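Here are my notes for someone opening this one up for the first time. Have the chain on screen while you read.

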Amino acid sequence: MTVTGPFWRDQLTADERATLGRRDPDVAGARPDVLVVGGGILGVSTAAACVEADLGNVLLIETGRLGAGATGGATGLLIPEPHQWSDPEPFVDLERASLERWHDLEKALPDGVGLVELDWIGLAPHHSGFAAHQPPAVEWLNPTQVAQLIPGLARPMEGALIRRQARVNPLRAVARLAAGLPAVATGVAATSVTIQGDRIVTVGTSAGEITPGVVVFATGRPPVLDGLPLHIPSDRVKGHLLVTDPTDIRLPGIVAPLATPIEDGHLLAGGTFDLGDESPAVQPEVIESIMDGLAATLPALAGIGVSHQWCCFRPRHPDRRPVIDMVPGLANAWLTSGHFRTGILNAPVTAAVLSRWIHAGEPPVEAGTWSATRFTGH
Ligand SMILES: Cc1cc2nc3c(=O)[nH]c(=O)nc-3n(C[C@H](O)[C@H](O)[C@H](O)COP(=O)(O)OP(=O)(O)OC[C@H]3O[C@@H](n4cnc5c(N)ncnc54)[C@H](O)[C@@H]3O)c2cc1C
(Lines give C-alpha, C1' and ligand atoms only; values in the text may rest on other atoms or scores of the structure.)
Protein backbone atom coordinates (compact mmCIF):
# COMPACT_ATOMS: atom_id res chain seq x y z
CA MET A 1 0.00 0.00 0.00
CA THR A 2 1.60 3.25 -1.13
CA VAL A 3 0.93 6.45 0.81
CA THR A 4 0.60 9.56 -1.36
CA GLY A 5 2.17 12.29 0.75
CA PRO A 6 5.58 13.12 2.18
CA PHE A 7 7.29 10.43 4.26
CA TRP A 8 8.63 13.16 6.56
CA ARG A 9 5.30 13.81 8.30
CA ASP A 10 5.02 10.17 9.37
CA GLN A 11 8.42 10.36 11.08
CA LEU A 12 7.41 13.16 13.46
CA THR A 13 6.48 12.83 17.11
CA ALA A 14 3.04 14.02 18.25
CA ASP A 15 4.68 17.13 19.76
CA GLU A 16 6.47 17.94 16.51
CA ARG A 17 3.22 17.57 14.56
CA ALA A 18 1.45 19.84 17.02
CA THR A 19 4.19 22.46 16.64
CA LEU A 20 3.58 22.57 12.88
CA GLY A 21 0.01 23.72 13.61
CA ARG A 22 0.79 26.23 16.38
CA ARG A 23 -1.52 29.20 16.68
CA ASP A 24 -0.77 30.92 19.96
CA PRO A 25 -1.01 34.70 19.87
CA ASP A 26 -3.92 36.96 19.13
CA VAL A 27 -2.84 38.29 15.78
CA ALA A 28 -5.37 41.12 15.48
CA GLY A 29 -3.82 44.28 16.90
CA ALA A 30 -0.39 42.65 17.43
CA ARG A 31 2.58 45.04 17.40
CA PRO A 32 5.63 42.78 16.95
CA ASP A 33 9.09 44.27 16.50
CA VAL A 34 9.65 41.70 13.72
CA LEU A 35 6.88 40.11 11.67
CA VAL A 36 7.93 37.14 9.53
CA VAL A 37 5.44 36.17 6.81
CA GLY A 38 5.76 32.53 5.68
CA GLY A 39 6.36 29.39 7.72
CA GLY A 40 8.62 27.38 5.42
CA ILE A 41 12.23 26.66 6.31
CA LEU A 42 13.29 30.21 5.34
CA GLY A 43 10.65 31.93 7.47
CA VAL A 44 11.09 29.70 10.50
CA SER A 45 14.90 29.94 10.33
CA THR A 46 14.73 33.72 9.97
CA ALA A 47 12.35 34.08 12.90
CA ALA A 48 14.66 31.87 14.99
CA ALA A 49 17.71 33.94 14.01
CA CYS A 50 15.88 37.18 14.91
CA VAL A 51 15.01 35.74 18.33
CA GLU A 52 18.60 34.65 18.83
CA ALA A 53 19.84 38.13 17.85
CA ASP A 54 17.48 39.64 20.44
CA LEU A 55 15.60 41.80 17.96
CA GLY A 56 12.55 42.15 20.22
CA ASN A 57 9.13 40.48 19.88
CA VAL A 58 9.09 38.19 16.87
CA LEU A 59 5.80 36.97 15.37
CA LEU A 60 5.62 34.45 12.52
CA ILE A 61 2.43 33.99 10.47
CA GLU A 62 1.77 31.19 7.99
CA THR A 63 -1.26 30.72 5.81
CA GLY A 64 -1.35 26.91 6.19
CA ARG A 65 0.68 24.75 8.57
CA LEU A 66 4.41 25.24 9.03
CA GLY A 67 6.30 23.49 6.25
CA ALA A 68 3.20 23.24 4.05
CA GLY A 69 4.98 24.57 0.94
CA ALA A 70 8.14 23.39 -0.81
CA THR A 71 9.82 22.75 2.52
CA GLY A 72 7.63 19.84 3.59
CA GLY A 73 8.18 17.99 0.33
CA ALA A 74 11.92 18.52 -0.15
CA THR A 75 14.57 15.82 -0.19
CA GLY A 76 16.39 17.58 2.62
CA LEU A 77 19.92 17.03 1.33
CA LEU A 78 22.60 19.41 2.61
CA ILE A 79 25.29 18.85 -0.01
CA PRO A 80 27.29 21.96 -0.93
CA GLU A 81 30.37 20.30 -2.42
CA PRO A 82 28.72 18.38 -5.29
CA HIS A 83 27.13 21.63 -6.41
CA GLN A 84 30.49 22.69 -7.80
CA TRP A 85 29.45 20.76 -10.89
CA SER A 86 26.44 23.00 -11.38
CA ASP A 87 26.72 26.26 -9.43
CA PRO A 88 29.04 29.31 -9.40
CA GLU A 89 31.64 29.53 -6.64
CA PRO A 90 29.97 32.35 -4.60
CA PHE A 91 26.85 30.22 -4.41
CA VAL A 92 28.75 27.14 -3.29
CA ASP A 93 30.48 29.30 -0.66
CA LEU A 94 27.07 30.39 0.64
CA GLU A 95 26.05 26.73 0.82
CA ARG A 96 29.22 25.72 2.66
CA ALA A 97 28.66 28.44 5.24
CA SER A 98 25.09 27.28 5.63
CA LEU A 99 26.05 23.65 6.21
CA GLU A 100 28.33 24.84 9.01
CA ARG A 101 25.37 26.71 10.50
CA TRP A 102 23.23 23.58 10.30
CA HIS A 103 25.91 21.87 12.40
CA ASP A 104 25.82 24.79 14.86
CA LEU A 105 22.02 24.47 15.14
CA GLU A 106 22.31 20.74 15.69
CA LYS A 107 24.50 21.50 18.73
CA ALA A 108 22.58 24.56 19.96
CA LEU A 109 18.97 23.30 20.00
CA PRO A 110 17.93 21.15 22.96
CA ASP A 111 17.17 18.13 20.72
CA GLY A 112 19.14 19.27 17.69
CA VAL A 113 17.54 19.68 14.27
CA GLY A 114 17.80 16.01 13.31
CA LEU A 115 20.92 16.47 11.18
CA VAL A 116 22.36 13.22 9.83
CA GLU A 117 25.90 13.30 8.49
CA LEU A 118 26.42 11.23 5.33
CA ASP A 119 29.02 10.76 2.63
CA TRP A 120 28.07 11.58 -0.95
CA ILE A 121 29.05 9.31 -3.81
CA GLY A 122 28.52 10.51 -7.37
CA LEU A 123 28.44 7.76 -9.99
CA ALA A 124 30.19 8.38 -13.32
CA PRO A 125 31.13 12.00 -12.51
CA HIS A 126 32.42 14.52 -15.04
CA HIS A 127 35.94 15.22 -13.81
CA SER A 128 36.10 18.54 -15.67
CA GLY A 129 33.37 20.00 -13.48
CA PHE A 130 35.78 20.28 -10.60
CA ALA A 131 38.70 21.63 -12.62
CA ALA A 132 38.58 25.27 -11.50
CA HIS A 133 38.17 24.81 -7.77
CA GLN A 134 38.92 21.22 -7.04
CA PRO A 135 38.28 20.80 -3.34
CA PRO A 136 40.56 18.57 -1.31
CA ALA A 137 37.38 16.88 -0.14
CA VAL A 138 36.88 14.94 -3.40
CA GLU A 139 38.29 11.44 -3.67
CA TRP A 140 38.14 9.89 -7.16
CA LEU A 141 37.12 6.25 -7.17
CA ASN A 142 37.92 3.68 -9.86
CA PRO A 143 35.28 1.08 -10.81
CA THR A 144 36.73 -1.50 -8.40
CA GLN A 145 36.50 0.93 -5.48
CA VAL A 146 32.94 1.89 -6.47
CA ALA A 147 31.95 -1.80 -6.68
CA GLN A 148 33.33 -2.37 -3.18
CA LEU A 149 31.19 0.45 -1.82
CA ILE A 150 28.09 -0.39 -3.89
CA PRO A 151 28.06 -4.08 -4.82
CA GLY A 152 25.71 -5.20 -7.58
CA LEU A 153 25.78 -2.17 -9.91
CA ALA A 154 24.54 -3.05 -13.41
CA ARG A 155 27.80 -1.86 -14.99
CA PRO A 156 31.24 -0.76 -13.82
CA MET A 157 31.33 2.93 -13.03
CA GLU A 158 33.84 5.46 -11.77
CA GLY A 159 32.82 7.60 -8.85
CA ALA A 160 33.58 10.66 -6.76
CA LEU A 161 33.41 10.45 -2.98
CA ILE A 162 32.84 13.52 -0.81
CA ARG A 163 32.72 12.96 2.90
CA ARG A 164 30.74 14.77 5.60
CA GLN A 165 27.75 16.04 3.67
CA ALA A 166 24.39 15.79 5.44
CA ARG A 167 20.62 15.61 5.35
CA VAL A 168 17.63 16.51 7.51
CA ASN A 169 13.97 15.58 7.65
CA PRO A 170 12.91 19.12 6.65
CA LEU A 171 9.65 19.00 8.58
CA ARG A 172 11.41 17.85 11.74
CA ALA A 173 13.94 20.68 11.36
CA VAL A 174 11.07 23.17 10.97
CA ALA A 175 9.29 21.78 14.03
CA ARG A 176 12.44 21.86 16.17
CA LEU A 177 13.26 25.43 15.15
CA ALA A 178 9.67 26.59 15.57
CA ALA A 179 9.39 25.08 19.05
CA GLY A 180 11.73 27.83 20.30
CA LEU A 181 9.79 30.72 18.74
CA PRO A 182 7.81 32.95 21.10
CA ALA A 183 4.82 33.56 18.79
CA VAL A 184 3.58 31.53 15.81
CA ALA A 185 0.19 31.85 14.11
CA THR A 186 -0.60 29.22 11.49
CA GLY A 187 -3.78 29.51 9.45
CA VAL A 188 -3.18 33.24 9.04
CA ALA A 189 -2.53 34.73 5.58
CA ALA A 190 -1.04 38.15 4.94
CA THR A 191 -3.30 39.81 2.40
CA SER A 192 -2.29 43.50 2.17
CA VAL A 193 0.06 46.18 3.39
CA THR A 194 -0.32 49.87 4.10
CA ILE A 195 2.70 51.99 3.27
CA GLN A 196 3.45 55.49 4.55
CA GLY A 197 6.53 57.13 3.06
CA ASP A 198 9.11 54.37 2.81
CA ARG A 199 7.69 52.18 5.61
CA ILE A 200 5.14 49.43 5.91
CA VAL A 201 2.92 50.59 8.78
CA THR A 202 0.34 47.81 8.83
CA VAL A 203 0.00 44.31 7.42
CA GLY A 204 -3.57 43.15 6.79
CA THR A 205 -4.15 39.47 7.45
CA SER A 206 -7.03 36.99 7.39
CA ALA A 207 -7.11 37.33 11.20
CA GLY A 208 -6.90 41.11 11.51
CA GLU A 209 -4.37 43.91 11.22
CA ILE A 210 -0.77 43.76 12.50
CA THR A 211 1.41 46.81 13.16
CA PRO A 212 5.00 45.59 12.82
CA GLY A 213 8.32 47.33 13.38
CA VAL A 214 9.89 45.48 10.48
CA VAL A 215 8.61 42.78 8.15
CA VAL A 216 10.42 39.86 6.51
CA PHE A 217 8.63 38.16 3.63
CA ALA A 218 9.67 34.51 3.24
CA THR A 219 6.80 33.30 1.11
CA GLY A 220 8.65 30.95 -1.26
CA ARG A 221 7.97 33.08 -4.32
CA PRO A 222 7.82 36.89 -3.84
CA PRO A 223 4.60 37.87 -2.04
CA VAL A 224 1.65 39.25 -3.99
CA LEU A 225 -0.19 41.55 -1.56
CA ASP A 226 -2.57 44.44 -2.04
CA GLY A 227 -0.63 47.67 -1.66
CA LEU A 228 2.84 46.12 -2.11
CA PRO A 229 4.51 47.30 -5.32
CA LEU A 230 6.87 44.36 -5.87
CA HIS A 231 7.54 42.87 -9.28
CA ILE A 232 10.24 40.21 -9.24
CA PRO A 233 9.83 37.48 -11.87
CA SER A 234 9.49 33.94 -10.58
CA ASP A 235 8.00 30.58 -11.45
CA ARG A 236 8.00 27.13 -9.91
CA VAL A 237 9.35 23.74 -10.92
CA LYS A 238 7.62 20.57 -9.87
CA GLY A 239 9.53 17.58 -8.54
CA HIS A 240 8.52 14.02 -7.60
CA LEU A 241 10.03 11.99 -4.79
CA LEU A 242 9.46 8.50 -3.44
CA VAL A 243 10.50 6.36 -0.52
CA THR A 244 10.86 2.61 -1.09
CA ASP A 245 9.72 -0.11 1.24
CA PRO A 246 12.46 -1.15 3.69
CA THR A 247 15.22 -3.13 2.00
CA ASP A 248 18.34 -5.04 3.09
CA ILE A 249 20.33 -3.22 0.43
CA ARG A 250 22.56 -0.80 2.30
CA LEU A 251 23.94 2.20 0.43
CA PRO A 252 27.14 3.77 1.81
CA GLY A 253 25.72 7.32 1.70
CA ILE A 254 23.87 9.58 -0.69
CA VAL A 255 24.44 7.85 -4.04
CA ALA A 256 23.77 10.25 -6.91
CA PRO A 257 21.76 9.83 -9.01
CA LEU A 258 20.50 6.66 -7.34
CA ALA A 259 19.08 7.07 -3.83
CA THR A 260 19.72 8.12 -0.24
CA PRO A 261 19.43 5.70 2.67
CA ILE A 262 17.06 7.02 5.32
CA GLU A 263 15.38 5.66 8.44
CA ASP A 264 14.66 1.94 8.98
CA GLY A 265 16.12 0.63 5.71
CA HIS A 266 14.03 2.86 3.44
CA LEU A 267 15.59 4.49 0.37
CA LEU A 268 14.69 7.99 -0.81
CA ALA A 269 14.80 8.55 -4.58
CA GLY A 270 13.70 11.04 -7.21
CA GLY A 271 13.91 14.82 -7.16
CA THR A 272 12.79 15.11 -10.77
CA PHE A 273 12.50 18.42 -12.63
CA ASP A 274 9.07 18.20 -14.25
CA LEU A 275 9.16 21.39 -16.29
CA GLY A 276 5.75 22.60 -17.41
CA ASP A 277 3.78 20.24 -15.14
CA GLU A 278 1.61 22.56 -13.05
CA SER A 279 -0.67 19.84 -11.70
CA PRO A 280 -0.47 19.28 -7.93
CA ALA A 281 -1.09 15.55 -8.53
CA VAL A 282 1.53 12.78 -8.41
CA GLN A 283 2.01 11.40 -11.94
CA PRO A 284 2.25 7.58 -11.85
CA GLU A 285 4.49 7.50 -14.92
CA VAL A 286 7.08 9.70 -13.21
CA ILE A 287 7.11 7.41 -10.17
CA GLU A 288 7.51 4.44 -12.52
CA SER A 289 10.41 6.08 -14.30
CA ILE A 290 12.18 6.72 -10.97
CA MET A 291 11.71 3.05 -10.03
CA ASP A 292 12.91 1.93 -13.48
CA GLY A 293 16.02 4.08 -13.00
CA LEU A 294 16.75 2.44 -9.63
CA ALA A 295 16.45 -1.07 -11.09
CA ALA A 296 18.54 -0.18 -14.15
CA THR A 297 21.41 1.02 -11.96
CA LEU A 298 21.12 -1.53 -9.16
CA PRO A 299 19.17 -4.57 -10.45
CA ALA A 300 18.62 -5.94 -6.93
CA LEU A 301 16.14 -3.09 -6.44
CA ALA A 302 13.85 -4.36 -9.22
CA GLY A 303 10.37 -5.10 -7.90
CA ILE A 304 10.80 -3.34 -4.55
CA GLY A 305 7.61 -1.60 -3.33
CA VAL A 306 6.97 2.12 -2.95
CA SER A 307 6.12 3.15 0.60
CA HIS A 308 5.49 6.90 -0.04
CA GLN A 309 5.22 9.02 -3.18
CA TRP A 310 4.70 12.76 -3.44
CA CYS A 311 5.46 15.90 -5.41
CA CYS A 312 6.04 19.57 -4.64
CA PHE A 313 7.12 22.79 -6.33
CA ARG A 314 10.45 24.60 -6.11
CA PRO A 315 10.18 28.43 -6.11
CA ARG A 316 12.54 29.86 -8.73
CA HIS A 317 13.78 33.18 -10.16
CA PRO A 318 14.89 33.28 -13.81
CA ASP A 319 18.61 33.01 -12.94
CA ARG A 320 17.92 30.15 -10.46
CA ARG A 321 19.46 32.11 -7.57
CA PRO A 322 17.64 33.40 -4.50
CA VAL A 323 16.80 36.95 -3.53
CA ILE A 324 18.02 38.03 -0.07
CA ASP A 325 17.41 41.76 0.12
CA MET A 326 15.32 44.65 1.36
CA VAL A 327 12.06 45.15 -0.51
CA PRO A 328 13.07 47.81 -3.06
CA GLY A 329 11.94 51.28 -1.98
CA LEU A 330 11.10 50.30 1.61
CA ALA A 331 13.13 50.97 4.76
CA ASN A 332 11.57 48.38 7.08
CA ALA A 333 10.85 45.35 4.86
CA TRP A 334 13.05 42.46 3.77
CA LEU A 335 12.48 39.65 1.33
CA THR A 336 13.93 36.22 0.68
CA SER A 337 12.54 34.15 -2.17
CA GLY A 338 13.31 31.81 -5.06
CA HIS A 339 15.52 29.36 -3.17
CA PHE A 340 14.77 26.79 -5.89
CA ARG A 341 16.59 23.50 -5.19
CA THR A 342 18.75 24.51 -2.20
CA GLY A 343 16.43 26.35 0.18
CA ILE A 344 16.75 23.79 2.94
CA LEU A 345 20.53 23.92 2.76
CA ASN A 346 20.70 27.71 2.53
CA ALA A 347 18.10 28.60 5.15
CA PRO A 348 20.40 29.05 8.19
CA VAL A 349 22.91 31.33 6.45
CA THR A 350 20.13 33.35 4.79
CA ALA A 351 18.46 33.76 8.19
CA ALA A 352 21.75 34.91 9.71
CA VAL A 353 22.29 37.46 6.93
CA LEU A 354 18.76 38.86 7.38
CA SER A 355 18.90 39.08 11.16
CA ARG A 356 22.32 40.79 11.06
CA TRP A 357 21.03 43.23 8.44
CA ILE A 358 17.92 44.10 10.49
CA HIS A 359 20.08 44.53 13.59
CA ALA A 360 22.84 46.63 12.02
CA GLY A 361 20.78 48.53 9.46
CA GLU A 362 23.56 47.87 6.93
CA PRO A 363 23.67 45.00 4.43
CA PRO A 364 26.19 42.30 5.37
CA VAL A 365 28.80 41.74 2.69
CA GLU A 366 27.30 38.38 1.58
CA ALA A 367 24.00 40.03 0.69
CA GLY A 368 25.16 42.00 -2.38
CA THR A 369 25.17 38.98 -4.71
CA TRP A 370 21.54 38.11 -3.98
CA SER A 371 20.00 41.55 -4.45
CA ALA A 372 16.50 42.08 -5.82
CA THR A 373 17.75 44.93 -7.98
CA ARG A 374 19.15 42.46 -10.50
CA PHE A 375 15.48 42.07 -11.50
CA THR A 376 13.96 45.41 -10.54
CA GLY A 377 16.83 47.62 -11.76
CA HIS A 378 16.70 50.04 -8.76
C1 LIG B 1 11.32 17.74 -5.06
C2 LIG B 1 12.13 18.77 -4.32
C3 LIG B 1 13.33 18.40 -3.73
C4 LIG B 1 14.09 19.34 -3.04
N5 LIG B 1 15.23 18.94 -2.43
C6 LIG B 1 15.99 19.83 -1.76
C7 LIG B 1 17.17 19.41 -1.10
O8 LIG B 1 17.54 18.22 -1.12
N9 LIG B 1 17.91 20.35 -0.44
C10 LIG B 1 17.55 21.66 -0.41
O11 LIG B 1 18.28 22.45 0.18
N12 LIG B 1 16.41 22.08 -1.01
C13 LIG B 1 15.63 21.20 -1.69
N14 LIG B 1 14.49 21.61 -2.31
C15 LIG B 1 14.18 23.05 -2.35
C16 LIG B 1 13.50 23.52 -1.09
O17 LIG B 1 12.39 22.70 -0.82
C18 LIG B 1 13.03 24.97 -1.24
O19 LIG B 1 14.04 25.78 -1.78
C20 LIG B 1 12.66 25.54 0.14
O21 LIG B 1 11.79 24.67 0.79
C22 LIG B 1 12.01 26.90 0.00
O23 LIG B 1 11.62 27.28 1.29
P24 LIG B 1 10.76 28.59 1.54
O25 LIG B 1 10.58 28.71 3.01
O26 LIG B 1 11.34 29.73 0.79
O27 LIG B 1 9.39 28.27 0.79
P28 LIG B 1 8.14 27.37 1.27
O29 LIG B 1 8.56 26.14 1.92
O30 LIG B 1 7.25 27.25 0.07
O31 LIG B 1 7.48 28.27 2.38
C32 LIG B 1 6.79 29.48 2.07
C33 LIG B 1 5.60 29.52 3.02
O34 LIG B 1 5.00 30.79 2.92
C35 LIG B 1 3.61 30.61 3.08
N36 LIG B 1 2.96 31.79 2.51
C37 LIG B 1 2.93 32.18 1.21
N38 LIG B 1 2.23 33.32 1.08
C39 LIG B 1 1.81 33.66 2.32
C40 LIG B 1 1.03 34.74 2.84
N41 LIG B 1 0.56 35.70 2.02
N42 LIG B 1 0.76 34.79 4.16
C43 LIG B 1 1.23 33.81 5.00
N44 LIG B 1 1.97 32.76 4.57
C45 LIG B 1 2.26 32.70 3.24
C46 LIG B 1 3.31 29.33 2.31
O47 LIG B 1 2.11 28.73 2.73
C48 LIG B 1 4.53 28.49 2.63
O49 LIG B 1 4.32 27.62 3.72
C50 LIG B 1 13.66 20.69 -2.96
C51 LIG B 1 12.44 21.05 -3.52
C52 LIG B 1 11.68 20.10 -4.18
C53 LIG B 1 10.37 20.52 -4.76
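1. A quick word on terms before the tour: helices (H or I, at least four residues) and strands (E, at least two) are DSSP runs, numbered from the N terminus, and two strands pair if DSSP finds at least two bridges between them. Please keep in mind that this is a predicted model, where local features need pLDDT of at least 70, side-chain atom pairs count only at pLDDT 80 or more, and totals for chains, interfaces and linings use all residues. Residue numbers start from 1 along each chain as its sequence is written.

2. Start with the hairpin of β15 and β16. It has 5 residues between the strands, and Asp264 there takes a positive phi near 55°. Strand β15 (residues 260-261) pairs with β16 in the antiparallel sense over 2 bridges, and Thr260 has Leu268 in β16 as its bridge partner.

3. Now look at the other partner of β16. Strand β13 (residues 235-244) pairs with β16 in the antiparallel sense over 3 bridges, with Val243 standing opposite Leu268. As for side chains, Leu267 and Ala269 point one way from β16 (residues 267-270), Leu268 and Gly270 point the other way, and all are buried. Buried here means that 20 or more other C-beta atoms, placed from the backbone, lie within 10 Å of the residue's own.

4. Zoom out and these strands belong to an open sheet of 5 strands, in the order β1-β17-β13-β16-β15 with mixed pairing. β1 (3-4) and β15 are the edges; each has a single partner strand, so one side of each is left without a neighbour in the sheet. Helix α8 (residues 284-297) lies across β13, β16 and β17 (306-316), running at about 55° to β13. That angle is between N-to-C directions, on a scale from 0 to 180 degrees, using axes fitted to C-alpha atoms (for helices, over the stretch in contact).

5. There is also an open sheet of 3 strands, ordered β9-β10-β11 with antiparallel pairing. Its edge strands are β9 (190-196) and β11 (208-210), each pairing on one side only.

6. What about the core? The largest nonpolar one (buried Ala, Val, Leu, Ile, Met, Phe, Trp, Tyr and Cys residues joined through C-beta atoms within 7 Å) has 109 residues, and Val58, Leu60 and Val174 have the most contacts inside it. Helix α9 (residues 343-360) gives the most to this core, with 10 residues. Leaving aside neighbours within four places in sequence, Val58 is in contact (C-beta atoms within 7 Å) with residues including Pro32, Val51 and Leu181.

7. Last, the domains, whose bounds come from an automatic or database domain assignment. The chain is divided into domain 1 (31-73 + 172-234 + 319-376) and domain 2 (116-167 + 235-316). Their C-alpha centres lie 32 Å apart, and 11 residues of domain 1 are in contact with 10 residues of domain 2.

How values were computed: A residue is buried if 20 or more other C-beta atoms lie within 10 Å of its own, exposed if 12 or fewer, and partly exposed in between; C-beta atoms are placed from the backbone. Two residues are in contact if their C-beta atoms, placed from the backbone, lie within 7 Å.
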